Amino acid sequence: MLPFRLVYHPGYDLNLGEHVFPARKYHWLRDRLLRTGFAAEEDFVAPQPVADEDVLLVHDPGWVEKLKNGTLSYQDILRLEIPYSRQTVDAFWLAAGGTILTARLALETGFAFHVGGGFHHAFAAHGEGFCAINDVAIAVRRLQKDGFIRRAMVIDCDVHHGNGTAALFSGERSVFTLSIHQFNNYPSEKPLSSLDIHLADGTGDEEYLKRLENGVKAAFTMFQPDLIFYLAGADPFYEDQLGGLALTFQGLKDRDRFVIGTAVAGKIPIASVLAGGYALNVEDTLTIHANTAAVAKSVLLAG
Ligand SMILES: [Zn+2]
């Protein structure tokens, strides 16, 4: 068995059909982890959907009502950039439940891997950029409420700025948000994270890793978390359709090794979630996500 659990539910499929967001990637990634022999069925655990009261720890009741009753406006759906269906909403509720479960498992064993989650563009009262509710923010609030953690750090390595997460935790001293992203990309408005690392178009492996290492080191001088959420986005990849950075497979693995290795060396539990990934060839997105799990395994077995 793996030295950590994988969290997954078949209901994660957002059923978007032909869409730049490869919503079946969760299912495909699970299949790949099994097919390659990396994982076995017993390595996976399935979450329950998040309770509405937990969603309300982060989101405005009006937004939750709209999602649950299907009363989104045309403007709401345009901003969300995905079609509305009850099944899609259920998938977001499951993903948030999955991130809560991943966080709890990380606290128990030091690391856990969510084959889902990372919907960092969701704000308190609206969703955008394929994100309806902010699973990581909900998990932070639920674990704080349960008394499992006091302080959380979010290390967001998706190519896009974590605008929803930054806004939700603005001025919140118990949560440190770090976002490393391409500056000239969506979202055009970037609410301040605790630490934002803006990267130029075309930034490659070496520069990326240097900036990330400096940022993470600086973050730890300012803040000592009880738990880290790692958004291991696959979209800083050089062939990503929605990203303009130039990381290679090796660069992304080095990124994963640095983030997960830093947490493990500091004995800080770390919960990894997928976030974005829109490679021209979807197999590349799956490779990048699978590599994160493989890097975690090698770090944990070595540590
Ligand atoms: Zn992204």
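In the predicted model, the zinc ion is held by protein donors (N, O and S atoms within 2.8 Å of the metal, or 3.2 Å for Na, K and Ca) from Asp158 (OD), Asp158 (OD), His160 (ND1) and Asp235 (OD), at 1.9 to 2.7 Å. Water is not among the atoms, so the site may look incomplete. The donor residues follow the sequence spacing D-x1-H-x74-D. Asp158 and His160 are both buried, that is, under 20% relative accessible area with a 1.4 Å probe, protein chains only.

The protein contains 10 helices and eight strands, taken as DSSP runs of H or I with at least four residues and of E with at least two. Its radius of gyration, over C-alpha atoms, is 17 Å, close to the 19 Å given for 303 residues by the globule rule, so the protein is as compact as a globular protein of that length. The rule is 2.2 Å times the number of residues to the power 0.38. Of the 303 residues, 57% count as buried. Among contacts (heavy atoms within 4.5 Å) between residues at least 6 apart in sequence, 75% join residues at least 24 apart.

Residues are numbered from 1 along each chain as its sequence is written, and side-chain values use heavy atoms, without hydrogens and water. Local features need pLDDT of at least 70 and side-chain atom pairs 80 or more, whereas totals for chains, interfaces and linings use all residues.

Terms used: Buried means under 20% relative accessible area, exposed over 50%, partly exposed in between (1.4 Å probe, protein chains only).
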